[in-house]
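Dear colleague,

I am handing over the structure we spoke about, and below it you will find my notes on what was found in it. Please read them with the model open beside you.

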Amino acid sequence: YHEGMVGTFSTANPLYANGAVDTAISHLIFAGLLRYDDQNRLVGDLAASYAHDDTGKVYTVELRPNLTWQDGKPLTADDVVFTFQTLQNPDANSPLRQSMQGVTITKVGDRTIKFTLSSALASFPNSLTVGILPKHLLASVPPTELRTASFNTASPVGAGPFAWRSLQLINTASDDDATAAVITLDRFAGYHTQPPKLERFVLHTYDAADDLISAFKKREVRAIAGMKSLPDSIKESDQIRAYNFQSTAEVMTFFNLASASPLSETAVRRAITFGTSRRTIIKKLNQTLRIIREPVLADQFAFDSRYQQPLYNKTLAEQTLDAAGWKLAANGLREKNGKRLTFRLYAEETPDNKVITKELKRQWREIGIDADVTLQPAMYFQTTLDTRSYDAVLYGISIGNDPDVYAYWHSSQADSGMNFSNYKSKAADTALETARVRQDTTQRKLKYEAFLKTWQDDVPALAMYRPRIYYITRGDVYGLTEHILNTDADRYYSVSGWMINTAMTDDH
């Protein structure tokens, strides 16, 4: 089975896998304690069961019996403790370290592990999907050298459905400095649920979408991963199957409340919500997308339709700006006290973002606001994001299957975390802190109500839409079904059941 995607391969190690290619390979080779099923619910993977105590601070995980690594060695609680303690070690420098802060990991028996948290956290089990590492192969590697260990790129060994076979690097014809990769994986016959039905999985990487589409047309690959929409050049073929997955992500325009721009005024931010037609933007993108208007998803228990941002209403947008003292000048733009209503909007340079930012600029210009749009290549955009060098930023965030959005809106995450609006509210902080320590969803929902109301009043961002994840194949992939995904690579949780060939039986 040959799959292609745009990107580069740098590591299979689940403690460091970040980009699309690395995450894909990591999901195929390694297995976590837990995984998501086709209803996006957490279920056991390496774990046979897991439970928490009455305090919500202690989680106990029981491993399946007779687990083995792909090299035949037994997988035990020692490997689990090693993985998470390595993840916690600052010398290992894993980007996942924060997910295990304040957690004590203890081996209770060969198959039993106890996680003791410093405070209750209802969403903690979502942190147990990270791939487990083999202690017998990595214990001798100093944590400071783990990121660059040959294990990551030359000989990774996991407990997932496919085992490492080879890596081939190819110089591309279009760029002498660029290299594409062909990563070959073989079926792991000892996989703990059922061995994959596919004998071999080959992942091809490409430098650009055009190269990937060309390879698909030439039948070098059977599937295309990571596309945001169905390419025009192949959509008319009757051999194409486009799998369309709903994501648990949100695309928003985050307003930097710490900037010196007019966006520091709540009235301006509220006027922008009135003056933005999400439906028009989605129509311009020509994609099947769901509008969002609050910071949690409509299919999550915390959602409350009473706290949605308003739909498009140009009249109310203009009235809101008038009341705030922003008056129209002769040039059609608004001014107050000699200051123009203008701000800088940044986004990564992608085809979708070009369409979105152009339409946002047009819509906001109609209500007298001038947005200075800058699109940046990924590397430069990441720096802009990290340094908060923007007045507003168009960006997508991953919510996941739990509505714990602490990371995006709590004041402790402003300035250098993932609170891209630099939003600081005592009321929101209290609601987020108390909601995440309850186990009962009814109690958590009550706490999230206070957060949603405060967020709606303060308008730290413009909620826009839920992106979708496309997976394009030549013909059906039997065993692959469309369902909600948290990340692109989550489609692999069913990969052991995928089939691409069918045969007639004697009686048909």
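**Notes on the predicted model**

An open sheet of 3 strands runs in the order E15-E16-E17, with antiparallel pairing. Strand E15 (327–328) and strand E17 (339–340) stand at the edges with a single partner strand each, so one side of each is left without a neighbour in the sheet. Strand E16 (residues 334–336) pairs with E17 in the antiparallel sense over 2 bridges, and Lys-336 stands opposite Lys-339 in E17. Here two strands count as paired if DSSP finds at least two bridges between them, while helices (H or I, at least four residues) and strands (E, at least two) are DSSP runs, numbered from the N terminus.

As to the basis of these notes, this is a predicted model, in which local features need pLDDT of at least 70 and side-chain atom pairs count only at pLDDT 80 or more, whereas totals for chains, interfaces and linings use all residues. Residues are numbered from 1 along each chain as its sequence is written, and side-chain values use heavy atoms, with hydrogens and water left out.

Strand E21 (residues 461–466) is mostly covered, with 6 of its 6 residues buried, where buried means under 20% relative accessible area, exposed over 50%, and partly exposed in between (1.4 Å probe, protein chains only). Strand E13 (residues 249–255) pairs with E21 in the antiparallel sense over 4 bridges, and the bridge partner of Met-252 in E21 is Ala-463. Strand E14 (residues 290–291) is joined to E21 by 2 bridges, and these two strands run antiparallel; Arg-290 has Arg-466 as its bridge partner in E21.

Thr-184 lies in strand E9 (residues 179–187) and is buried, with a relative accessible area of 11%. Leaving aside neighbours within four places in sequence, Thr-184 is in contact (heavy atoms within 4.5 Å) with residues including Trp-164, Arg-200 and Phe-201.

Turning to the nonpolar core, a term that means a set of buried Ala, Val, Leu, Ile, Met, Phe, Trp, Tyr and Cys residues joined through side-chain atoms within 4.5 Å, the largest one has 72 residues, of which Leu-33, Phe-84, Phe-115, Phe-201 and Trp-498 touch the most other members. Helix H2 (residues 77–88) gives the most to this core, with 6 residues. Among the contacts of Phe-84, again leaving aside neighbours within four places in sequence, are Leu-33, Met-100, Phe-115 and Ile-132.

With best wishes
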